[in-house]
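User: Can you take me through the interfaces in this one? Start with whatever term I need.

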Amino acid sequence: MRKPFVETLENAAEQNPDIFLITGDLGFGVLEPFARRFPRQFLNAGIAEQSMTALAAGLAREGRVVFTYSIANFSALRPLEFVRNDICGHQANVKIVGLGGGFSYGALGFSHHATEDLAVMSALPGMTVIAPGDDYEARELTRLLAAHSGPAYLRLDCPSAPACARTEVALGRASQLRDGRDVTLVATGAILSECWTASELLSDRGIECRVLSMHTLAPIDRAAIRGAAEQTGGIITVEEHSSKGGLGTAAAEVIADEDLRPQSFLRLGIRNPAECVSGCQDFLRRRHGLDSASIAGRVENLLRTTGRARERAL
Amino acid sequence: MSAGVLPAVGADREIAVFAREIRRRALRMTSRARSSHIGSAFSCADILAVLYGGLLRVRPQEPGWSGRDRFILSKGHAASALYAALSRRGFFPSEALEAYSGDGSIFCGHASSAVPGVDWSTGSLGHGLPVACGMALAAQLDHRDHRVVALLSDGELDEGSNWEAILFAGHHRLDRLTVIVDCNGLQSLAATEETLRLEPLAAKWQGFGWWVAECDGHDHASLRSVLETARHQSGKPSCILARTVKGRGVDFMENSVLWHYRSAQGAELDSAMTQLE
């Protein structure tokens with residue numbers, strides 16, 4: 001999703017000279033065209049994420065729309081208190097770009113696995129948290145963020161996820177990719193493609209899923225969660241992220257806050273992010289039960305269980 | 001930038017009165033609120049008096065004026081002194097200070113940008129300088145001639161983020177940026193030199209590409225002179241190591257870490273007020 005992001009940001013930078021991109025010394029082979037075209041709107045802050053984050057806030061105070069760019073743990077977690085105090089505390093117009101959502105950098109090891117970024121960023125005051133489901137959404141959401149005011153976190157997965165969304169994209173509104181009544185699969189980030197494939201596998205077995213891309217995790221689309229609870233046979237959240245504090249937690253909060261009664265509710269995520277295992281993204285997704293076949297299997301089990309429960313209740 | 005753009009600087013006597021008023025107001029505020037950090041406030045009272053007594057270009061009736069000099073109190077725990085300076089400068093009436101640290105007050109114990117004239121909220125150390133770098137970079141890119149001034153404590157230089165920013169400002173030749181380090185030699189538990197040795201501090205800043213000057217941080221004429229010289233540096237950020245005494249102005253508070261925490265009450269308050277007359 002890096003290229004769609006940078007290409008879209010180039011368009012935005014052309015129209016708005018206040019757009020400013022700061023990298024923490026990353027982006028080889030990706031950022032050069034932007035840097036060449038807009039030398040006055042580009043900066044390499046060096047491998048110094050605390051300083052990068054604070055100076056982004058200072059630039060934003062002077063009218064710039066600043067994007068900071070690094071691998072997710074380096075742009076979001078390393079300077080966390082700077083994000084909190086200088087960006088959120090001042091509602092500064094800074095968009096933090098976190099590369100490599102989930103196991104995008106699987107083989108590089110735990111330091112590069114972005115498995116808590118969404119939880120941590122979602123907890124911050126006034127932070128809009130975005131995880132596009134595919135390149136199309138990455139383009140649309142980058143365009144929208146460039147015109148958005150206030151703090152935001154943009155999680156980009158790489159390598160590019162296969163495009164499966166072609167609906168209109170709006171900040172804060174889940175995109176519905178297909179409709180079905182048996183169950184709703186809600187995804188955030190590029191794991192959307194696994195959910196899409198799972199929904200096709202399930203359709204072949206007679207189970208029709210609603211598939212939602214919850215690309216805006218904060219503020220979450222409460223109406224979409226309500227609709228899934230009321231109109232379909234249950235909600236299954238899927239995220240390439242710790243099962244603590246991300247999409248599943250946010251959906252559970254909506255369910256609790258609004259006293260919703262979904263017929264079933266299941267949160268799929270990473271249960272043990274600290275496991276020090278190397279592997280490609282597909283391998284690690286399978287290992288954590290986040291591949292399309294595993295997701296489809298969990299849906300079937302869930303429907304079987306809730307179906308039996310309903311039969312018993314009758 | 002020429003000297004001609006500088007505002008008229010108050011006479012030394014006026015600055016002395018200004019500094020005394022900062023100390024008296026800050027003392028009343030921290031005593032009333034039973035809050036900490038009066039020693040830190042006194043340490044930088046003279047620096048703030050010189051800045052807000054005329055050196056900084058600000059418009060009290062228009063705090064957000066785009067042409068203003070930006071000022072960040074990175075040692076945000078000395079907020080009482082900053083609020084006192086801003087009230088004395090006319091940003092708001094001194095009666096407003098009575099709300100300091102009170103329930104529902106915008107006058108938080110650490111500097112809050114909700115207060116008119118406060119450019120940036122601080123409180124966590126190591127933030128002010130990198131934020132100031134961003135502001136100074138914007139001024140440089142836009143060819144604007146306002147200055148960005150950040151006041152740091154010496155103990156605060158333990159924070160690694162400062163050294164990231166010191167490297168950054170030197171590399172980018174942010175000559176609109178001036179840092180003043182309030183070098184009182186004490187930090188939370190002990191002397192700076194006992195905690196993490198900073199000296200030779202001037203050489204460190206120079207090595208990062210900064211113009212550096214040292215002065216007595218309680219000598220108004222000296223502070224003013226060195227700040228004016230800093231203002232005219234071209235191609236380098238400037239750093240002023242202001243040698244100060246923590247708790248300066250009240251004999252029993254001077255050079256003591258106790259007054260990083262204690263607030264003056266009763267006889268102590270009376271004695272301190274008498275010394276500040």
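Analyst: Buried area is the accessible area (1.4 Å probe) that two parts lose on being put together, summed over both. This is a predicted model, in which local features need pLDDT of at least 70 and side-chain atom pairs count only at pLDDT 80 or more, while totals for chains, interfaces and linings use all residues. Residues are numbered from 1 along each chain as its sequence is written, chains are lettered from A, and side-chain values use heavy atoms.

User: What area is buried between chain A and chain B?

Analyst: About 1900 Å², with carbon and sulfur atoms giving 57% of that. A:Arg61, A:Glu62 and A:His90 supply 27% of what chain A buries there, more than any other three residues.

User: How many salt bridges between chain A and chain B?

Analyst: There are 2, a salt bridge being a side-chain nitrogen of Lys or Arg within 4 Å of a carboxyl oxygen of Asp or Glu. One of them joins A:Arg64 to B:Asp142, with the closest N and O atoms 2.7 Å apart.

User: Switching topic: how is chain A divided into domains?

Analyst: Domain 1 of chain A covers 2–156 and domain 2 covers 175–313; such bounds come from an automatic or database domain assignment. Taken over C-alpha atoms, their centres are 27 Å apart.

User: And how many residues are in contact between domain 1 and domain 2 of chain A?

Analyst: 25 residues of domain 1 of chain A contact 28 residues of domain 2 of chain A, where contact means heavy atoms within 4.5 Å. The two domains bury about 1900 Å² between them, 59% of it on carbon and sulfur atoms. The salt bridge count between these domains is 0.
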